[in-house]
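Work through each task before reading the solution.

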Amino acid sequence: MFATSDFAALGQAQLEKSIRLSSIALSGVERFVNLQLDLTRDLLSDNTATAKAFADVKDVQGFIALQQQLSQPVIDKALSVAKNVYEVTSSTQAELGAFVEEQVVEFNKGLVSTLDKAVKQAPAGSEIVVSAVKTAVATAASAYDTVAKTAKKVTSDFAEAGVAAAETSAKAAAGVAKSTARKTASAAA
């Protein structure tokens, strides 16, 4: 039923799929590493500038003012990093999801093709069974497609809502920290 060339083609296709999957995974890892390196450079630069600024502080008022001045950029940086991590994760997940969807479609096509070949060699009257199996495969593929799209939408909406909520909470916390620092500064004066 299968020739040696069919097995060789199957092996080659599987190798190409493995290489593509590895490429997607490595690309995601590379983006995370680049993000970490950029963050490390920024943190080193920011911490150096902060240390120099603290060294120049001469009194409590200056210390409190510097603390207030530094709090918002730190929160903004943390939110920016969280957004970047979310974007890298989302894009890698989308690439992997597209890969899996392609494999499901390819598998279904292969199954239908195999059923068509089997029908040609099957005894008379088996067309009904093959037709029922093809219908079941088409129905399963449609159900998978619907579930995958719904899951992707729900996951995306949930993650975006989480990022927005974290951003709102962080900004509120920064506002509270600023007002507390102002109260402390006025009490120290």
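**Exercise 1. Determine how far apart in sequence the contacting residues of the protein chain lie.**

Solution. The model is a predicted one. Step one considers pairs of residues at least 6 apart in sequence.

**Exercise 2. Describe the burial and the accessible surface of the protein chain.**

Solution. With buried taken as under 20% relative accessible area, 12% of the 189 residues fall into that class. The accessible surface is then summed for the protein chain, giving about 13100 Å². Carbon and sulfur atoms account for 66% of that surface.

**Exercise 3. Characterise the second largest pocket by volume, lining and residue class.**

Solution. The volume of the second largest pocket is about 280 Å³. A total of 13 residues line this pocket, and Q93, A94, K152, T155 and S156 are the closest to its centre.

Next, the lining is assigned to secondary structure. Helix 2 (60–121) and helix 3 (127–188) each contribute at least two lining residues. Helix 2 provides the largest share, with seven residues.

Finally, the lining of the second largest pocket is sorted by class: six residues are polar, five are nonpolar and two are charged.

Definitions and conventions. Residues are numbered from 1 along each chain as its sequence is written. This is a predicted model: local features need pLDDT of at least 70, side-chain atom pairs count only at pLDDT 80 or more; totals for chains, interfaces and linings use all residues. Side-chain values use heavy atoms; hydrogens and water are left out. Buried means under 20% relative accessible area, exposed over 50%, partly exposed in between (1.4 Å probe, protein chains only). Contact means heavy atoms within 4.5 Å. Accessible areas come from the Shrake-Rupley method with a 1.4 Å probe; for residues, only the protein chains shown count as cover. On a 1 Å grid over the protein atoms alone, a cavity is a set of points where a 1.4 Å probe fits but cannot get out, and a pocket is an open set with protein on both sides within 12 Å along at least five of seven lines; lining residues have an atom within 4 Å of a point. Grid points are joined across faces, edges and corners, and a volume is the space filled by probe spheres set on the points. Helices (H or I, at least four residues) and strands (E, at least two) are DSSP runs, numbered from the N terminus. Ala, Val, Leu, Ile, Met, Phe, Trp, Tyr, Cys and Pro count as nonpolar, Asp, Glu, Lys and Arg as charged, and the others, Gly among them, as polar.
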